[in-house]
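This briefing goes with the sequence and structure shown below. Please read the points alongside the display.

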Amino acid sequence: MTTINSASGLERWDTDDKVPDRNNGALTQADFFALLTQQLAFQDPTSPVENDQMIAQMTNFTMADGISSLNKSFESFADSMSSNQALQASSLVGRSVLVSSDEIVFNGQDISRGIIDFEQRATNVKVRIEKPNGELVQTVSIPEVAAGKFDFVWDGTNANEEEMPPGVYNIKVEANMSGENQSLPVYVYAPVSSVSLGQAGKGITLNLVGLGAFKLADVKEISYG
């Protein structure tokens, strides 16, 4: 609000408008040099500021200003990286990815696929497919497997070759290696239904049909099928 007071023959302007503080109270480089100039102007002539003190002050300010600029650059770079990752992750929707899981999905039409990674030669390998309640559906026995990746498929049938209803089933793998029976991790393929953009640095999450959410970093392989 602006008013004019002319009772004394002089005009006086009163205003409530304030110039916004664009720096939020932070000192800028211009402010620093203004303070430095005042410091030099009002210094004690008998004990002037040493050159090394001035250089140290200027160096400290320059470093602080540089770090602030660097932080802003890193924030901009991080935002750019997140956007690029989100764009790349969105291209995975509808495709199948390979993740570590003790569950396998049968959609009632396509075969279910997975991979078992054998670090060494194994014998008496058993792949068990179970219902969520633990009831056995089918067991596949393999006498011997060489070291390396072993691809397996499940056609969705039980031991009597009857087709099971679509759903999520448990999968377990046991094998004898170096004379000991061991449980092995299983990697299964599952289609990506959607992509979630994480908040507060949680990253990008892939939502897989039947298996739930997995981090993008957990994906071992991408498949067209």
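Beyond residues up to four places away in sequence, L208 touches V97, V99, A190, P191, V192, S193 and F214. The model described here is predicted.

- The largest nonpolar core holds 34 residues.
- L208 is among the residues with the most contacts inside this core, together with I104, F118, V125, W154 and Y169.
- Strand β9, which spans residues 167–177, gives the most to the core, with 5 residues.
- In soluble globular proteins, nonpolar side chains tend to be buried together.

**Chain overview**

- The chain has 225 residues, and 24% of them are buried.
- Its secondary structure consists of 2 helices and 14 strands.
- Of the contacts in the chain with a separation of 6 or more, 61% are between residues 24 or more positions apart.

**Largest pocket**

- The largest pocket contains about 300 Å³ of space.
- Its lining is made of 14 residues, and those that lie nearest the centre of the pocket are S96, N107, D110, I111 and P191.
- By residue class, the lining divides into 7 nonpolar, 5 polar and 2 charged residues.
- Strands β4 (103–106), β5 (112–118) and β11 (186–197) each supply at least two residues of this lining.
- The largest share of the lining comes from β11, with 3 residues.

- Strand β9 is joined by 5 bridges to strand β10 (residues 180–184), and the two strands run antiparallel.
- Within this pairing, V173 stands opposite L184 in β10.
- The hairpin has 2 residues between the strands, and S178 takes a positive phi near 55° there.

**Other residues with positive phi**

- N124 is not a glycine, yet has a positive phi of about 50°.
- N124 belongs to strand β6, residues 122–130.
- E161 is placed in the loop between β8 (148–154) and β9.
- E161 counts as exposed because its relative accessibility is 68%, where exposed means over 50%.

**A213 in strand β13**

- A213 is found in strand β13, which covers residues 212–215.
- Is A213 buried or exposed? A213 is exposed, because its relative accessible area is 53% and the cut-off for exposed is over 50%.
- Leaving aside neighbours within four places in sequence, A213 is in contact with T205, L206 and N207.
- From A213 to S194 the C-alpha to C-alpha distance is 9.5 Å, and the two are 19 residues apart in sequence.

Definitions and conventions. Residues numbered from 1 in each chain as written. Predicted model: local features only at pLDDT ≥ 70, side-chain atom pairs only at ≥ 80, totals over all residues. Heavy atoms only, no water. Core = buried A, V, L, I, M, F, W, Y, C linked by side-chain atoms within 4.5 Å. Buried < 20%, exposed > 50% of the residue type's maximum accessible area, 1.4 Å probe, protein only. Helix = DSSP H or I, 4+ residues; strand = E, 2+ residues; numbered from the N terminus. Contact = heavy atoms within 4.5 Å. 1 Å grid on protein atoms, 1.4 Å probe; cavity = no way out; pocket = protein on both sides within 12 Å on 5 of 7 lines; lining within 4 Å. Points joined across faces, edges and corners; volume = space filled by probe spheres on them. Nonpolar A, V, L, I, M, F, W, Y, C, P; charged D, E, K, R; others polar. Pairing = 2+ DSSP bridges.
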